[in-house]
Amino acid sequence: MATSALRLDNVDAFYGDSHVLQNVSFELGEARMLGLLGRNGAGKSTCMNVGMGLLAARRGEVSVFGEKVTRLSPEMIAARGVALVPQGRRIFRSLTVRENLIVAGRKPDAGSNHAPWTIDTVFGMFPRLKERTAQMAAHLSGGEQQMLAIGRALMGNPRVLLMDEPSEGLAPQIVAEVMATIRKLKESGLSIILVEQNPNLVFDVADDIVILNTGGVAVVSTPAALRQDDALLRQHLGVF
Ligand SMILES: Nc1ncnc2c1ncn2[C@@H]1O[C@H](COP(=O)(O)OP(=O)(O)OP(=O)(O)O)[C@@H](O)[C@H]1O
Ligand SMILES: [Mg+2]
């Protein structure tokens, strides 16, 4: 892995007195997809929050394309090309689809060599959002809300996309659509961390896998190796 798009080095993170991440290190390679797995409460979202600057690491370092961003604000980290599709979507429910996209707009940073995302290109990727451009986001289906959440992140013109359980609560057919979109984004050269509970979804698209267990990195591997190791998956992910 020549360049790392996002790196956590020996990160410790706390919510108040609660020590949630312990000595977490992993690396997302440029233009790669890292699947981040772990049971409920393993610390996956906390890692995404630390990567995005929503929670400051108390110890350790976070870097984006080799530059330290540890303890920078989310705005400053976004300006370095990182965007988060948060768990539970977190769209503005009382704004329209179009307004949700507009308020998320951000110019690409200097290191980006892609054509900037616009409302039109987001609508090109998600035609269903185009049909609902004037509709209030609260009235979208779960799948459409997820598409909007992804569209909002893309409007930030990221080089690194953090996706926290985008398939959560969606019907299988919609999950397949969302996964097809994620695959396209990867092919476009974005570096992606895909957080999931379902290993099989991630194994189909990811290059690298990290499994968290109780706030620490338990496994760093590849889909090919893990598919052969049911015992290890059961140990860290439970029965599935
Ligand atoms: N805001 C918070 N305040 C206090 N504790 C928190 C907070 N958010 C998460 N935690 C705790 O931190 C630990 C890690 O939570 P986190 O949300 O990172 O897990 P997760 O792997 O994303 O789980 P899930 O798959 O359920 O989303 C859990 O024990 C959780 O209860
Ligand atoms: Mg989570």
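Figure 1. The model shown here and in the following views is a predicted one. Arg 89 lies in the loop that runs between strand S6 (82-85) and helix H3 (97-103). Although Arg 89 is not a glycine, its phi is positive, at about 75 degrees.

**Figure 2. Asn 10, an exposed residue in strand S1.** Asn 10 belongs to strand S1, which spans residues 4-15. This residue is not a glycine, yet its phi is positive, at about 50 degrees. Is Asn 10 buried or exposed? It counts as exposed because it has 12 C-beta neighbours inside 10 Å, and the exposed class takes in residues with 12 or fewer.

**Figure 3. The shell around ligand 1.** Ligand 1 is surrounded by 13 residues, of which Tyr 15, Asn 40, Lys 44, Ser 45 and Thr 46 are the closest. Two or more residues of this shell come from each of strand S2 (18-29) and helix H1 (44-52). Which element gives the most to the shell? Helix H1 does, with three residues. Sorted by class, the shell around ligand 1 contains nine polar residues, three nonpolar residues and one charged residue.

**Figure 4. Helix H1 and the residue that follows it.** Helix H1 is mostly covered, as nine of its nine residues are buried. The buried residues of H1 are Lys 44, Ser 45, Thr 46, Cys 47, Met 48, Asn 49, Val 50, Gly 51 and Met 52. After H1 comes Gly 53, with a positive phi near 85 degrees.

**Figure 5. The largest nonpolar core.** This core has 68 residues, and those with the most contacts inside it are Leu 162, Ile 193 and Leu 194. Helix H6 (residues 142-155) supplies the largest share of the core, namely seven residues.

**Figure 6. The contacts of Leu 162.** Which residues does Leu 162 contact, leaving aside its neighbours within four places in sequence? Its partners are Met 48, Gly 51, Met 52, Val 82, Leu 84, Val 85 and Ile 193. Among these partners, Met 48, Gly 51 and Met 52 are also listed with the buried residues of helix H1. Ile 193, another partner of Leu 162, is likewise one of the residues with the most contacts inside the largest nonpolar core.

Methods
Residues are numbered from 1 along each chain as its sequence is written. Chains are lettered from A and ligands numbered from 1 in the order in which they are written. This is a predicted model: local features need pLDDT of at least 70, side-chain atom pairs count only at pLDDT 80 or more; totals for chains, interfaces and linings use all residues. A residue is near a molecule or strand if its C-beta atom, placed from the backbone, lies within 6 Å of it. Helices (H or I, at least four residues) and strands (E, at least two) are DSSP runs, numbered from the N terminus. Ala, Val, Leu, Ile, Met, Phe, Trp, Tyr, Cys and Pro count as nonpolar, Asp, Glu, Lys and Arg as charged, and the others, Gly among them, as polar. A residue is buried if 20 or more other C-beta atoms lie within 10 Å of its own, exposed if 12 or fewer, and partly exposed in between; C-beta atoms are placed from the backbone. A nonpolar core is a set of buried Ala, Val, Leu, Ile, Met, Phe, Trp, Tyr and Cys residues joined through C-beta atoms within 7 Å. Two residues are in contact if their C-beta atoms, placed from the backbone, lie within 7 Å.
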